[in-house]
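Please keep the sequence and the structure in view while reading.

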Amino acid sequence: ICGIITLVLLFNLGKKLYNTRFGIIWAGVYLGSVLPFLYFKSGIIDPFFNLFIFIGIYLFVFFYWKKENIEGISLPKNKWFYLIFSGIAIGLGILTKGPVAYLLAGLTMFVYWIYQRFRFYVNVPQVLLFTLAASLVTFLWYGAETLAHGPEFVREFNIYQYRLFSTPDAGHKGFPGYHFAVLLLGCFPASIFLIRVFFNMPAEEKAYQDDFRRWMKYLFWVVLILFSIVQSKIVHYSSMCYFPLTYLAALVIHKILKGELIFSRWMKTGLYTIGSLYALVIFAFPIVGRNTELIKPLFKDPFAQGNLEAVVNWTGFEIIPGIFLLILLIVSIRQITRGDKFKGFVTLFGGTAIFVMLTLFFFIGRIEAYSQRAAIEFFESKAGEDAYIITSGYKSYGHLFYARKKPVDNPKSYDREWLLRGEIDKDVYVVTKVHKTKDLQPYTELREIGRKNGFVFYKRKKQR
């Protein structure tokens with residue numbers, strides 16, 4: 001649903017900024033880039049989080065343009081409409097995933113203020129109105145929660161946000177250039193065209209087009225630098241970059257189609273290089289999958305070694321997406337270099353979307369078989385049993401869904417110590433990972449009932 005909304009929004013915004021063809025290009029570039037496409041298949045909440053932030057930022061830009069009477073673009077609403085709904089969108093972002101929504105928008109506006117040489121392009125009352133609109137939306141839930149239960153949730157939430165910034169709290173460390181690499185490799189092929197925009201570019205026909213390009217550059221760098229500083233490194237933390245990245249890549253393609261830029265040799269080389277890396281990884285997977293004993297010694301983690309013990313059927317047909325991608329690159333690049341540029345770009349980005357779907361079809365089930373199927377099968381086997389099921393040493397929703405957890409009758413069941421030591425009224429099952437079993441050794445009533453592919457299963461019986 002969010003993917004559909006996003007693509008329609010990008011088309012309409014691109015059409016407003018330039019023309020129908022640009023709208024098609026922008027939406028197509030977003031659809032046909034690897035991580036942006038996968039993003040909407042993930043089931044995580046970030047796509048809506050980022051969508052609200054992006055809406056808030058571009059409505060704020062519209063407010064600024066309306067206030068300054070920027071000519072050439074149709075903005076039929078009153079300037080206060082754009083400002084208030086900009087704040088509402090940021091408020092929805094805060095409701096979705098927290099105050100980082102306001103931080104990202106605020107930092108982008110601050111960088112634009114620096115560009116304006118510290119001239120107040122919006123005044124303090126206007127900023128306060130924007131903040132008030134965001135706050136009122138936020139209060140619908142955070143305020144109600146605080147009134148009902150006190151400030152504990154808000155306090156703990158903010159402490160958690162601080163931990164994410166200051167430590168690798170989510171369990172993911174990474175090198176400083178982590179998100180640069182993620183965007184370069186993950187947003188293929190859009191990332192190749194993005195590079196060109198940071199060098200000398202032809203001026204836009206309209207002043208507002210130049211200004212929007214400026215806003216998108218600032219947004220891109222704010223997100224990238226901020227989350228490069230954050231200690232927790234997770235792929236989707238830089239996903240807000242997908243909006244400005246695909247816009248700027250679409251702008252380069254738009255100018256190539258107009259003849260203002262050329263499809264350079266380094267672009268061709270970049271497409272072949274990263275595309276070949278994807279194909280190489282896909283070709284390697286079936287070989288490795290059939291010979292896991294060869295790579296098992298490379299992993300020090302006993303859980304990863306246990307994962308590799310899973311029985312997974314590799315047919316050899318899994319190389320089809322890799323072959324498809326290589327053919328796609330050859331065909332699309334040949335079309336572009338021979339002058340049929342628009343058709344070539346449609347082939348490139350439309351074909352990449354198909355490539356991602358093919359890869360998901362051939363690989364997602366097999367990856368799941370290694371990573372979690374043993375635990376999922378255990379949860380499913382307990383679905384009809386009136387018992388408590390928890391995980392230990394790792395976080396999961398799997399036991400809630402696949403074991404079909406019933407509504408809780410006993411509030412003590414939320415207390416881990418009660419489940420492991422107290423006078424329980426039902427049997428308790430505990431699922432952990434093989435390298436986390438030592439954490440359960442103090443609980444002497446737990447009995448191991450099985451282990452499979454890196455997971456270990458325990459049971460504590462109710463005292464009859």
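In which helix does Leu 59 lie? Leu 59 belongs to helix 4, which covers residues 46-67. The model is predicted.

**Residues in helices**

Start with Leu 59. Its relative accessibility is 12%, so Leu 59 counts as buried. The cut-off for buried is under 20% relative accessible area. Beyond residues up to four places away in sequence, Leu 59 touches Tyr 82, Phe 85 and Ser 86. Leu 59 and Glu 293 are 234 residues apart in sequence, and their C-alpha atoms are 55 Å apart in space.

Gln 126 is next. Helix 7, residues 124-149, holds Gln 126. Is Gln 126 buried or exposed? Gln 126 counts as buried, because its relative accessibility is 6%. Which residues does Gln 126 contact, leaving aside neighbours within four places in sequence? They are Phe 63, Lys 67, Trp 80 and Leu 83.

Leu 38 sits in helix 3, residues 34-39. With a relative accessible area of 27%, Leu 38 is partly exposed. Not counting residues up to four places away in sequence, Leu 38 touches Val 356 and Leu 360. Phe 62 is 24 residues from Leu 38 in sequence. In space, the two are 30 Å apart, C-alpha to C-alpha.

**Helix 2 against helix 17**

Where two helices meet, the geometry can be read directly. Helix 2 spans residues 20-31 and helix 17 spans residues 341-371. Their axes come within 8 Å and cross at roughly 30°. The crossing of helix 2 past helix 17 is left-handed. Which residues make the contact? Helix 2 supplies Arg 21, Ile 25, Gly 28, Val 29 and Leu 31. Helix 17 supplies Phe 342, Phe 349 and Ala 353. By class, this contact has six nonpolar residues, one polar and one charged.

**Aromatic pairs and charges over rings**

How many aromatic pairs does a search of the whole structure find? The search finds 65. One of them joins Phe 193 and Phe 349. The ring centres are 6.2 Å apart and the planes stand at 45°, so this pair is tilted. The angle matters for that label: planes under 30 degrees apart count as stacked, over 60 as edge-to-face and the rest as tilted. Phe 193 lies in helix 10, residues 190-196, and Phe 349 in helix 17, so the pair ties together parts that are 156 residues apart in sequence. Both Phe 193 and Phe 349 are buried. Phe 349 also takes part in the contact between helix 2 and helix 17.

| Charged residue | Ring | Distance from charged end to ring centre |
|---|---|---|
| Lys 77 | Phe 81 | 5.4 Å |
| Arg 366 | Trp 314 | 5.6 Å |

In the second, the charged end of Arg 366 sits over the ring of Trp 314.

**Backbone features in loops**

The loops hold some backbone details. The peptide bond from Phe 188 to Pro 189 is cis, with omega near 0°. Pro 189 is found in the loop between helix 9 (178-186) and helix 10.

Asn 69 lies in the loop between helix 4 and helix 5 (79-97). Its relative accessible area is 62%, so Asn 69 is exposed.

Arg 117 also has a positive phi, about 60°, although Arg 117 is not a glycine. The loop between helix 6 (100-115) and helix 7 holds Arg 117. Arg 117 is exposed, because its relative accessible area is 74%.

**The whole chain**

Now step back. How many helices and strands does the chain have? The chain has 20 helices and four strands. Its C-alpha trace spans about 80 × 60 × 35 Å along the principal axes. Of the 464 residues, 49% count as buried. Among contacts in the chain with a separation of 6 or more, 74% come from residues 24 or more positions apart.

How values were computed: Residues are numbered from 1 along each chain as its sequence is written. This is a predicted model: local features need pLDDT of at least 70, side-chain atom pairs count only at pLDDT 80 or more; totals for chains, interfaces and linings use all residues. Side-chain values use heavy atoms; hydrogens and water are left out. Axes are lines fitted to C-alpha atoms, for helices over the stretch in contact, and angles run from 0 to 180 degrees between N-to-C directions. A crossing is left-handed if the near helix is turned anticlockwise from the far one by less than a right angle, and right-handed if clockwise. Contact means heavy atoms within 4.5 Å. Ala, Val, Leu, Ile, Met, Phe, Trp, Tyr, Cys and Pro count as nonpolar, Asp, Glu, Lys and Arg as charged, and the others, Gly among them, as polar. Rings of Phe, Tyr and Trp (its six-membered ring) pair if their centres lie within 6.5 Å; planes under 30 degrees apart count as stacked, over 60 as edge-to-face and the rest as tilted. Buried means under 20% relative accessible area, exposed over 50%, partly exposed in between (1.4 Å probe, protein chains only). A charge sits over a ring if NZ of Lys or CZ of Arg is within 6 Å of the ring centre and within 35 degrees of the ring normal.
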